[in-house]
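The exercises that follow are to be worked with the sequence and the model in view. Each task is followed by a solution in steps.

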Amino acid sequence: MKGRIEKALNDQIKKEGQSSQFYLAMASWAETQGLSGTSGFMYKQSEEERFHMLKLVKFVNERGGKAIIPGFDTPPTEFDSVNNVFELLLSHEITITQSINDLVEVCLEEKDYTTHNFIQWYLSEQLEEEASARAILDKVKLIGEDKAGLYLFDRDLENSTIVAASANTVNPGA
Ligand code: FEO
């Protein structure tokens, strides 16, 4: 594996791990607010990001590179609101999508088509995650300051009806 590819993949390993920690902090905050649906959703997101990190670690090592297991910055412990949590989730995912796009570009420049092929999975994951974050954020914005609305939103999130609806938008018939 070329050094530039190895470095780019290791940078992405750190970003995926940092995302996992960020969402874990959101999950924990939501749990302390009694928002079990939001919390459950974020715990699951955190696990998914950890899986994204591990998949990269395995790939780098299996292709003869050396994965670097990073340390992480402490994520925030407080969030202003559920709206704030989902705004942050979406903007964070947008930066991760950009980072995956950059990775694709490096693969093409280095003519590393195996890594390019491997990264396609991340591109479609990003598409789904952004769509899901946008769908949820749209719902949160409708609620505004309405406490009863927030209760129902959180319950719907727990039952995954919001996420299922957004998944069908990305992949109709799935
Ligand atoms: Fe794995 Fe959502 O970035």
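**Exercise 1: Two helices**

The axes of α1 and α3 cross at roughly 170° and come within 11 Å of each other. The model is a predicted one, in which local features need pLDDT of at least 70 and side-chain atom pairs count only at pLDDT 80 or more, while totals for chains, interfaces and linings use all residues. Residues are numbered from 1 along each chain as its sequence is written, and side-chain values use heavy atoms, with hydrogens and water left out.

Task. State whether α1 is roughly parallel or roughly antiparallel to α3, and divide the residues of their contact by class.

Solution. 

Step 1. Two packed helices are described by the angle between their axes and the distance between the axes. Here an axis is a line fitted to C-alpha atoms, for helices over the stretch in contact, and angles run from 0 to 180 degrees between N-to-C directions. Helices (H or I, at least four residues) and strands (E, at least two) are DSSP runs, numbered from the N terminus.

Step 2. The crossing angle of α1 and α3 is roughly 170°. Therefore α1 is roughly antiparallel to α3, since angles under 35 degrees count as roughly parallel, over 145 as roughly antiparallel, 65 to 115 as roughly perpendicular and the rest as oblique.

Step 3. The contact of α1 with α3 has 16 nonpolar, four polar and five charged residues. In this division Ala, Val, Leu, Ile, Met, Phe, Trp, Tyr, Cys and Pro count as nonpolar, Asp, Glu, Lys and Arg as charged, and the others, Gly among them, as polar.

**Exercise 2: Salt bridges**

Task. State how many salt bridges the structure holds, and describe those of E110 with K2 and with R4.

Solution. 

Step 1. The structure holds eight salt bridges, a salt bridge being a side-chain nitrogen of Lys or Arg within 4 Å of a carboxyl oxygen of Asp or Glu.

Step 2. One of them joins K2 to E110, with 3.5 Å between the closest N and O atoms. K2 belongs to the segment before α1 (3-32) and E110 to the loop between α3 (82-109) and α4 (113-143), so that distant parts of the chain, 108 residues apart, are linked.

Step 3. E110 also forms a salt bridge with R4, at 2.9 Å from N to O. Because E110 is in the loop between α3 and α4 and R4 is in helix α1, this pair ties together parts 106 residues apart in sequence.

Step 4. E110 is buried, with a relative accessible area of 17%, whereas K2 is partly exposed at 43% and R4 is partly exposed at 40%. Buried means under 20% relative accessible area, exposed over 50%, and partly exposed in between (1.4 Å probe, protein chains only).

Step 5. K2, R4, E109 and E110 are linked in a network of salt bridges. E109 lies in helix α3 and is partly exposed, with a relative accessible area of 48%.

**Exercise 3: A link between α3 and α4**

Task. Which parts of the chain does the pair E87 and K141 tie together?

Solution. 

Step 1. The side chains of E87 and K141 form a salt bridge of 2.7 Å, N to O.

Step 2. E87 is in helix α3 and K141 in helix α4, so the pair ties together parts that are 54 residues apart in sequence.

Step 3. E87 is partly exposed at 32% relative accessibility, and K141 is partly exposed at 46%.

**Exercise 4: The largest pocket**

Task. Which elements give two or more residues to the lining of the largest pocket?

Solution. 

Step 1. The largest pocket holds about 300 Å³ of space. A pocket is an open set of points on a 1 Å grid over the protein atoms alone where a 1.4 Å probe fits, with protein on both sides within 12 Å along at least five of seven lines; lining residues have an atom within 4 Å of a point. Grid points are joined across faces, edges and corners, and a volume is the space filled by probe spheres set on the points.

Step 2. Of the 14 lining residues, S81, V82, G144, E145 and L150 are the closest to the centre of the largest pocket.

Step 3. The elements that give two or more residues to this lining are α3, α4 and α5 (147-158).

Step 4. By class, the lining of the largest pocket has six nonpolar, four polar and four charged residues.

Step 5. S81 is found in the loop between α2 and α3 and is partly exposed, at 28% relative accessibility.
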